[in-house]
Amino acid sequence: MNIVNTPIDYADASICKMFTANLTLNRTGCLVMGAGSALAAKEAWPELPRFFGDWLQNDDGGLLFHAHSNIGAVHTKDNWKNKSKLHIISNSLDDLIDWMHRQKTVWGMKDLVVHMPYPGISNGGLTREEVAPYLQELPPNVVIHDLES
């Protein structure tokens with residue numbers, strides 16, 4: 001895992017990237033994506049809230065991924081109003097590692113690099129010190145973008 005101080009270009013479909021997310025659906029069944037990296041992803045790909053909302057309503061978990069935009073969701077909180085929770089981050093990072101392993105073994109994507117924001121900080125309300133131990137398990141081909149460092 002590497003940490004960089006550059007923004008993620010969510011409009012670039014040639015790179016694999018994640019945004020941090022909650023599990024909240026609005027009244028129309030769309031994932032709430034109103035701040036931070038979720039908002040940046042939604043602005044680049046307006047169909048994402050409906051896609052991820054449908055997925056959450058019809059699937060029982062795992063990493064949410066939209067292949068056309070090359071964007072996935074790493075959940076950090078249960079509701080957009082709440083602080084991020086370490087056990088949700090831990091489970092989501094485990095899902096990400098499992099997903100990356102499947103991409104390598106099933107699809108032969110040996111050179112896959114995943115870009116994601118530092119989970120749980122900023123709008124998540126956690127500190128880097130609280131989250132850092134969970135990031136240590138990530139493989140070296142995950143790039144953490146931390147604009148606040």
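Tutor: Gladly! Let's begin with a definition: two rings of Phe, Tyr or Trp count as a pair if their centres lie within 6.5 Å. Keep in mind that this is a predicted model. In this structure, ring pairs link Phe-19, Phe-51, Phe-52 and Trp-55 into a cluster.

Student: How many aromatic pairs does the structure hold?

Tutor: There are 4 aromatic pairs. One of them joins Phe-51 and Phe-52.

Student: Why is the pair of Phe-51 and Phe-52 called edge-to-face?

Tutor: Look at the two values: the centres are 5.3 Å apart and the planes make an angle of 75°. The distance is within 6.5 Å and the angle is over 60 degrees, so the pair is edge-to-face.

Student: What makes the pair of Phe-65 and Trp-99 tilted?

Tutor: Their planes are 40° apart, with 4.6 Å from centre to centre. An angle under 30 degrees would be stacked and one over 60 edge-to-face, so 40° falls in the tilted class.

Student: Which parts does that pair tie together?

Tutor: Phe-65 belongs to strand β3 (residues 64–66) and Trp-99 to helix α3 (residues 86–105), so the pair ties together parts that are 34 residues apart in sequence. Phe-65 has a relative accessible area of 13%, under the 20% cut-off, so this residue is buried. Trp-99, at 8%, is buried because its value is also under 20%.

Student: Now helix α1 (36–44). Which of its residues are buried?

Tutor: In α1 the buried residues are Ser-37, Ala-38 and Ala-41.

Student: How do you know where they sit around the axis?

Tutor: They cover an arc of only 105° around the axis, so they are on the same side of α1. These residues pack against β2, α2 (48–58), β4 (71–75) and β5 (114–117).

Student: What about the largest pocket?

Tutor: Its space is about 570 Å³. Among its 31 lining residues, Thr-20, Ala-35, Gly-36, Ser-37 and Asn-123 are the closest to the centre. Helix α1 gives the most to the lining, with 4 residues.

Student: Which classes make up that lining?

Tutor: The lining has 15 nonpolar, 13 polar and 3 charged residues.

Note on methods: Residues are numbered from 1 along each chain as its sequence is written. This is a predicted model: local features need pLDDT of at least 70, side-chain atom pairs count only at pLDDT 80 or more; totals for chains, interfaces and linings use all residues. Side-chain values use heavy atoms; hydrogens and water are left out. On a 1 Å grid over the protein atoms alone, a cavity is a set of points where a 1.4 Å probe fits but cannot get out, and a pocket is an open set with protein on both sides within 12 Å along at least five of seven lines; lining residues have an atom within 4 Å of a point. Grid points are joined across faces, edges and corners, and a volume is the space filled by probe spheres set on the points. Helices (H or I, at least four residues) and strands (E, at least two) are DSSP runs, numbered from the N terminus. Ala, Val, Leu, Ile, Met, Phe, Trp, Tyr, Cys and Pro count as nonpolar, Asp, Glu, Lys and Arg as charged, and the others, Gly among them, as polar. Buried means under 20% relative accessible area, exposed over 50%, partly exposed in between (1.4 Å probe, protein chains only). The arc is that of the directions from the helix axis to the C-beta atoms. Contact means heavy atoms within 4.5 Å. Rings of Phe, Tyr and Trp (its six-membered ring) pair if their centres lie within 6.5 Å; planes under 30 degrees apart count as stacked, over 60 as edge-to-face and the rest as tilted.
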